[in-house]
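Work through the exercises below with the structure in view, and try each task before reading its solution.

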Amino acid sequence: MRVAIIGQGYVGLTIAVGAAGAGHTVVGFDVNQDLVDQLNSGKSHIEGISDSQLAGYITSGLFTASVDPSVLEGSDVIVIAVPTPLNDDRNPDLSFVHAAADLITKNVTNTKLIINESTSYPGTLRGEIAALITHSGVAHFYASSPERVDPGNKEWNLKNTPRLIGGLSPEAVAKAKEFYASFCDSIIEVSSPEVAEAAKIFENTFRQVNIALVNEFAQISDALGISSREVIEAAATKPYGFMPFNPGPGVGGHCIPVDPSYLAHVANEVGVPATFIKRANEVNLAMPAYVVKRVVAGAGGSITGKSVVVVGVSYKANVADTRETPAAAVIDLLRAQGANVVWHDDLVGSWRGECSAALGAFDIAIVVTKHDGVSDAAINASKYVFDCTGTIAGVDGI
Ligand SMILES: NC(=O)c1ccc[n+]([C@@H]2O[C@H](COP(=O)([O-])OP(=O)(O)OC[C@H]3O[C@@H](n4cnc5c(N)ncnc54)[C@H](O)[C@@H]3O)[C@@H](O)[C@H]2O)c1
């Protein structure tokens with residue numbers, strides 16, 4: 001098949017490489033000229049896809065990137081993989097999805113299979129994509145297959161993670177199944193795109209709420225003088241009915257801090273208040289302040305004028321993604337209390353106009369995220385260490 005993918009970020013490029021690997025001819029369309037140039041020169045910007053893999057597909061003619069929307073017309077399948085962030089009021093911002101629908105409306109005159117992989121609330125494929133494109137007068141096939149990729153996960157990937165599919169017609173579902181079956185092991189058909197869309201945001205809401213619960217529990221445990229991590233480990237010995245989650249400095253990335261608010265938004269519209277999501281957001285967003293409070297107490301009551309290194313500013317280990325990272329709030333709160341703060345993260349390199357600093361003998365080291373290459377010894381060179389990851393023995397932390 002000839003496949004066009006709108007958006008060449010974490011999701012779009014992953015699908016592009018998966019589809020090229022199955023022998024499809026893929027064009028990765030993106031509005032970012034620099035990214036398109038970088039991809040066409042064989043340089044991948046995400047973990048899990050190597051430069052050599054990308055270069056191989058370019059050389060064999062199975063992958064090209066483009067900023068030219070006319071490439072959409074030459075494809076059989078169009079996959080939408082654009083951002084679905086929150087606006088300043090923490091409500092869904094579907095402007096990127098609408099822009100993708102607009103691109104298809106203006107540039108495609110023949111019937112295609114159009115698949116949305118962007119995460120959004122139930123009703124998005126039907127009401128926010130198909131309803132807009134219908135104005136073009138072309139009758140397309142529409143399916144929803146929300147992406148479940150977990151960047152950096154070595155066990156679960158595009159191929160072996162089961163894929164949900166729901167479509168606006170049986171033909172759309174059949175075509176989408178044929179496409180995904182060429183590079184995914186397991187396909188699960190659901191009765192409507194709304195079920196597929198809702199499943200994706202419910203999965204991430206489940207994580208968000210459980211992380212908030214364990215973050216609150218960590219605060220209770222600390223006040224009681226017991227280790228939350230030891231309690232969680234003990235509880236996890238129960239062979240049924242318990243699933244362990246780990247406390248941390250908050251939640252980051254494009255999914256957990258964002259997707260549940262899409263569910264809360266649509267719940268509100270149908271008159272059901274999503275109280276768990278609201279409370280979970282409050283708890284998770286308050287974790288950086290809790291970390292700083294513990295650090296101030298642990299470091300003797302004041303951090304004014306003290307040298308602090310924040311170790312790991314990406315939102316999770318072994319990835320360079322800093323979207324929604326709690327490290328930002330931790331650093332801002334430390335600086336507001338007069339600390340001299342630098343950060344160390346060689347995977348990220350530069351961020352918010354600052355560069356990664358070398359580890360050394362600081363007054364305080366706060367470990368927000370710990371990549372595999374960072375040694376405990378280098379962190380422990382600082383006088384006081386606070387570990388949010390639960391991986392450094394014998395120091396304070398959550
Ligand atoms: N990152 C993840 O781990 C992950 C996992 C599952 C699902 N998702 C979902 O997948 C979607 C995409 O996320 P992502 O992480 O790939 O985002 P991203 O920010 O990494 O990439 C999005 C890309 O889309 C491009 N883009 C924006 N508007 C465009 C347009 N009108 N036309 C063409 N390209 C456009 C951007 O330039 C960017 O390169 C989101 O809905 C997200 O919630 C992400």
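**Exercise 1.** Decide whether Phe179 is buried or exposed.

*Solution.* Phe179 has a relative accessibility of 0%, and therefore it counts as buried, where buried means under 20% relative accessible area, exposed over 50% and partly exposed in between, with a 1.4 Å probe and protein chains only. The model is a predicted one, in which local features need pLDDT of at least 70, side-chain atom pairs count only at pLDDT 80 or more, and totals for chains, interfaces and linings use all residues. Residues are numbered from 1 along each chain as its sequence is written, and side-chain values use heavy atoms, with hydrogens and water left out.

**Exercise 2.** Find the element in which Phe179 lies, and list the residues in contact with Phe179, leaving aside neighbours within four places in sequence.

*Solution.* Begin with helix 6, residues 170–181, which holds Phe179; helices (H or I, at least four residues) and strands (E, at least two) are DSSP runs numbered from the N terminus. Next, with contact meaning heavy atoms within 4.5 Å, the partners of Phe179 are Met1, Val3, Ala19, His24, Val77, Val79 and Ile115.

**Exercise 3.** How far apart are the C-alpha atoms of Phe179 and Phe245?

*Solution.* Along the chain the two residues are 66 residues apart, and their C-alpha atoms are separated by 35 Å.

**Exercise 4.** Describe the protein chain as a whole, starting with its helices and strands.

*Solution.* The protein chain has 12 helices and 15 strands. Of its 398 residues, 48% count as buried. Finally, its C-alpha atoms fill a box of roughly 70 × 50 × 40 Å, taken along the principal axes.
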